Amino acid sequence: MGDGFLYAGLIFWTLGYDTIYAHQDKEDDELIGVKSTARLFGDKSRSWILRFYAIAFTLILAAGFTEHTGWAFAFVMLAAGVHLVWQVKTLDIDDTDNCLRVFRSNRETGALIALAFLLASWLG
């Protein structure tokens, strides 16, 4: 059961960071007719990204709790959640350099999520 929560959570995380990435070339997408989440959500993208990240965080947390991962998992996941909120707060969808920097910061998000599960397996 935890695997299903994790898989769904990772899909929502991907929807969030892919929308950030799409904002880098939304003008080009418009010119050639590519339909992207950046074009679909437009100025409301930050709200959608926050929703995607909140759902992702909740589902990934549920995956861990379903597997009885414990306090270390929750603590590191809290850091991952704070990092996701930081991304949304600092995102400027009209600044391509900012979008790239925020998009790339998902390496740290992924590392924190992996660390949470790794610690849980070591301490559990």
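Accessible areas come from the Shrake-Rupley method with a 1.4 Å probe. The exercises below apply to a predicted model.

**Exercise 1.** State what the accessible surface of the protein comes to and what share belongs to carbon and sulfur atoms.

*Solution.* The accessible surface is about 7300 Å². Carbon and sulfur atoms account for 64% of this area.

**Exercise 2.** Describe the secondary structure and the dimensions of the protein.

*Solution.* Begin with the elements: there are 7 helices and 0 strands. From the N terminus on, their order is therefore written α-α-α-α-α-α-α. Next, consider the dimensions: along the principal axes, the C-alpha atoms fill a box of roughly 50 × 25 × 20 Å.

**Exercise 3.** Compare the reach of helix H7 with the expected span.

*Solution.* Helix H7 covers residues 106-123, which are 18 residues. From its first C-alpha to its last, helix H7 reaches 25 Å. At 1.5 Å a residue, 26 Å is expected, and the reach is close to this value.

**Exercise 4.** Determine how the buried residues of H7 are arranged around its axis, and which helices they pack against.

*Solution.* First, list the residues with under 20% relative accessible area: in H7 these are Asn106, Thr109, Ile113, Ala116 and Ala120. Seen down the axis of H7, they fall within an arc of 75°, so they line one face of the helix. An α-helix has 3.6 residues a turn, so residues three or four places apart point the same way. The face turned away from the buried side of H7 carries the exposed residues Arg107, Ser121, Trp122 and Leu123. Finally, identify the partners: the buried residues of H7 pack against helices H1 (2-22), H4 (45-66), H5 (71-90) and H6 (96-104).

Methods
Residues are numbered from 1 along each chain as its sequence is written. This is a predicted model: local features need pLDDT of at least 70, side-chain atom pairs count only at pLDDT 80 or more; totals for chains, interfaces and linings use all residues. Side-chain values use heavy atoms; hydrogens and water are left out. Helices (H or I, at least four residues) and strands (E, at least two) are DSSP runs, numbered from the N terminus. The expected span of a helix is 1.5 Å times one less than its number of residues. Buried means under 20% relative accessible area, exposed over 50%, partly exposed in between (1.4 Å probe, protein chains only). The arc is that of the directions from the helix axis to the C-beta atoms. Contact means heavy atoms within 4.5 Å.
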